[in-house]
Amino acid sequence: MTAASDLLRSAFRRHAAGVAVITAQSGAGPVGFTATSLTSVSADPPLVSFGINTAGSCWPAVSEASHIGVHMLGEHQQELATHFARSGADRFAAPTIWRRGPKGVPILNDVPVWLVCRVVARVPAGEHRVMLAEVVVGSPAGPGRPLIYHQGQFNTLRC
């Protein structure tokens, strides 16, 4: 790590971000991971982006997936966020409740927002790829206020 890398990490610890779980289907079963890099890119066409580490266990499935699931977590889902961030965990075993959604994408239950997106680009960015995906279908009608990540911890909005 360089001094600039440390600076970037320190700066972004102070930047509050929404918490999402990204899912995909692989030949071996569903995969998923917690992401705080989810961004709305464009309304026309409807595009989102997120970063994924190419050394992570989900990368092989995401690198080949035609469609992915994006789940914006609620403040009641800190345990789910932690579970999907943990290495080596069977992320889709109980207590995770999920179903197979459109295009075979794993969809998590009881999230404030879920989207199924078609992958349109995988852009190299250091040890990561920035994924661009077009929203195909979803629902913004789930329960709860958003879960956020700030100062290395999951938090809730205080309004």
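Biologist: Which element supplies the largest share of the lining of the largest pocket in this predicted model?

Modeller: The largest share comes from H1, with 5 residues, although strands S3, S5, S10 and S11 and helix H3 each supply at least two residues as well.

Biologist: What makes residues such as Ala 35 and His 128 part of that lining?

Modeller: A lining residue has an atom within 4 Å of a point of the pocket, and 35 residues line the largest pocket, the closest to its centre being Ala 35, Thr 36, Ser 37, Gly 51 and His 128. The space in this pocket is about 1,400 Å³, and its lining has 16 nonpolar, 14 polar and 5 charged residues.

Biologist: Which element supplies the largest share of the lining of the second largest pocket?

Modeller: That share, 4 residues, comes from H3; among the residues that line this pocket are Gln 78, Glu 79, Leu 80 and His 83. About 270 Å³ of space lies in the second largest pocket, and its lining divides into 4 nonpolar, 6 polar and 2 charged residues.

Biologist: Which residues of H3 are called buried, and what makes them so?

Modeller: Buried means under 20% relative accessible area, and the buried residues of H3 are Leu 80, Ala 81, His 83 and Phe 84.

Biologist: How do you know that these buried residues line one face of the helix?

Modeller: Seen down the axis of H3, the buried residues fall within an arc of 160 degrees, so they line one face of the helix. The buried residues of H3 pack against strands S2, S3, S8, S11 and S12.

How values were computed: Residues numbered from 1 in each chain as written. Predicted model: local features only at pLDDT ≥ 70, side-chain atom pairs only at ≥ 80, totals over all residues. Heavy atoms only, no water. 1 Å grid on protein atoms, 1.4 Å probe; cavity = no way out; pocket = protein on both sides within 12 Å on 5 of 7 lines; lining within 4 Å. Points joined across faces, edges and corners; volume = space filled by probe spheres on them. Nonpolar A, V, L, I, M, F, W, Y, C, P; charged D, E, K, R; others polar. Buried < 20%, exposed > 50% of the residue type's maximum accessible area, 1.4 Å probe, protein only. Arc of directions from axis to C-beta. Contact = heavy atoms within 4.5 Å.
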